[in-house]
Amino acid sequence: MSYQTLYRRWRPQAFAEVTGQEHVARTLQNALEQGRVAHAYLFCGPRGTGKTSVAKILAKAVNCLNGPAREPCNNCSFCQDIGASRLLDVLEIDAASNRGIDEIRELREKVRYAPVEARRKVYIIDEVHMLTTEAANALLKTLEEPPAHVLFILATTEPHRLPATVVSRCQRLDFKLISFAGIMERLRTVAGELDRKVSEAALQIIAEEAAGGLRDALSLFEQALAYAESDVTENDVLSVLGSVGRDVFYDFTAAILEGDLSAALLIVNDVSSAGRDLQHFTQQAIAYYRDLMVVLSCREEAELLGIAPEWADRLAGQGKAMGLALVARALSVFHDLSAEIRWSTRPRLLWELAVFRLLGIGGETLPGLEQVTQTGKTDTGKRAEEAAETPDLRQMSRMWPRILEQVKRESIQAHALLLEAELCGCAGQVLQIGFKSDFHREMMEKPEYKQLLGTAVKTVLGYGAGVHCTQLGSLGKDAQEKKMSQEEIVDTAAEIFGGKIMANDAGR
Ligand SMILES: [Zn+2]
């Protein structure tokens with residue numbers, strides 16, 4: 001069973017099955033019932049919240065032989081063909097994978113023709129913000145005077161990147177992150193259909209990690225099922241994630257609160273000796289203190305923000321003991337650490353230094369709440385928000401082996417090239433791939449390889465991505481800055497231990 005099958009199998013087929021987007025479903029169902037379906041919809045919202053699923057349900061509902069009605073029948077030939085993506089009159093365009101130039105050109109030529117068989121021609125354009133300016137302009141021309149038989153459904157995770165002219169031509173519907181409870185409900189339903197036992201704690205970790213995206217939840221669930229021997233436990237899910245349990249951070253924080261240096265260092269030692277990736281461990285630490293901050297500042301929102309209720313209680317207790325200033329302090333320390341640790345050959349030392357800083361060893365004192373600015377946010381709070389954006393890369397790194405596997409199926413050569421490369425970032429849905437060798441980088445620049453990688457990302461993660469190849473040497477400036485801060489760290493270490501720097505690898 002491929003790990004994508006859960007999502008496919010459980011993809012909602014009717015409005016009533018869509019989780020967490022009742023407001024969207026109601027609007028569309030009313031329009032269907034009153035025969036007032038618009039010519040263009042813009043579905044906005046985070047990934048994995050059901051935009052393309054709803055687009056397909058709407059495409060079925062307007063074309064259903066037993067409709068149009070509030071729900072598609074899912075039995076007639078149109079419903080079946082649309083469900084299987086084989087109806088010529090319903091076109092799905094992924095703007096991210098090739099930026100849509102050819103498709104939009106073709107669309108402009110063919111949009112005037114009446115549908116071949118169906119009632120309405122439906123164009124579903126996913127990741128529409130990724131269209132090139134040229135393609136977006138072409139789309140706009142079509143949107144300005146849409147033929148009566150055409151229905152456009154544009155979907156995007158980043159509506160602010162769309163030209164206002166495009167947005168204003170569409171009826172906008174916003175998809176929300178799905179609540180922790182909503183995702184748990186769905187996971188329990190899926191688990192109930194399986195002939196394997198899945199622990200509640202395992203489901204909770206999956207739901208938390210998914211952070212409001214149902215597709216992520218289901219694909220993580222599928223991975224855990226593939227990984228576990230028989231029943232799926234909390235540890236199976238943590239292993240798939242390469243994560244440690246939240247208990248570890250709870251104990252770590254308790255040690256910090258008690259000022260117990262050796263207990264805190266022992267925990268770092270255990271995690272490091274177990275071969276855990278300390279970079280990922282740092283991200284988890286940030287997530288933990290962010291959760292503490294959330295629970296402290298808006299307890300009732302915790303569940304909505306994806307924290308299991310049992311944990312929200314425990315976190316609230318620890319958060320109170322810690323106080324907002326220390327939580328902010330921890331976030332600041334770990335945020336700095338996450339920037340430094342990436343480039344370090346001694347991640348464990350950096351972690352140990354972070355422990356010292358948290359305990360105020362080395363002359364640093366805890367900041368007071370007077371740092372709260374007029375906007376009501378502490379500087380560290382703002383930094384915490386930035387740090388919270390990194391799960392993109394984290395998720396991408398986690399899925400990277402699967403993406404490579406997918407590439408390998410299509411091209412051994414592209415796969416071999418990517419084995420030489422390093423995933424450096426994924427800002428704005430563009431993957432940054434770093435190569436040590438300029439030769440390899442040039443080889444990878446081939447459009448067919450880049451597209452192949454983009455398609456592999458789409459297959460694995462459900463959304464497409466652009467690819468940008470860089471030479472690792474050319475990251476020089478950035479790396480230099482990081483290196484500087486490593487030197488500062490060494491200085492700090494020397495200060496703390498009262499030692500002298502004899503020599504260091506920076507060759508100063
Ligand atoms: Zn039908």
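Visitor: Of the 508 residues in the protein chain, what percentage is made up by buried residues?

Guide: This is a predicted model, in which local features need pLDDT of at least 70 and side-chain atom pairs count only at pLDDT 80 or more, while totals for chains, interfaces and linings use all residues. Residues are numbered from 1 along each chain as its sequence is written. A residue is buried if 20 or more other C-beta atoms, placed from the backbone, lie within 10 Å of its own, exposed if 12 or fewer do, and partly exposed in between. By that rule, the buried part of the protein chain comes to 40%.

Visitor: How many helices and strands does the secondary structure of the protein chain come to?

Guide: Helices (H or I, at least four residues) and strands (E, at least two) are DSSP runs, numbered from the N terminus. For the protein chain, the secondary structure comes to 24 helices and eight strands.

Visitor: Which residue in S4 stands opposite leucine 42?

Guide: Strand S1 (residues 40-44) and strand S4 (residues 150-156) run parallel and are joined by five bridges. Across this pairing, the residue that stands opposite leucine 42 is leucine 154.

Visitor: Is arginine 70 buried, exposed or partly exposed?

Guide: Arginine 70 has its place in the loop between H3 and helix H4 (77-83). Not counting residues up to four places away in sequence, arginine 70 touches Gln29, Leu32 and Glu33, and its C-alpha is 8.1 Å from that of leucine 28, although these two residues are 42 apart in sequence. Because 17 other C-beta atoms lie within 10 Å, arginine 70 is partly exposed.

Visitor: Why do the buried residues of H7 line one face of the helix, and within what arc do they fall?

Guide: The buried residues of H7 are Ala135, Ala136 and Leu139. The arc is that of the directions from the helix axis to the C-beta atoms, and the buried residues line one face because, seen down the axis of H7, they fall within an arc of 100 degrees.

Visitor: Which helices do the buried residues of H7 pack against?

Guide: On the other side of H7, Thr133, Lys141 and Glu144 are exposed. The buried residues of H7, in turn, pack against helix H6 (101-110) and helix H8 (164-168).

Visitor: In the open sheet with the order S6-S7-S8, what does the twist average from one strand to the next?

Guide: This open sheet of three strands has mixed pairing, and its edge strands are strand S6 (421-427) and strand S8 (466-471). From one strand to the next, the twist averages 25 degrees.

Notes: Two residues are in contact if their C-beta atoms, placed from the backbone, lie within 7 Å. Two strands pair if DSSP finds at least two bridges between them. Axes are lines fitted to C-alpha atoms, for helices over the stretch in contact, and angles run from 0 to 180 degrees between N-to-C directions.
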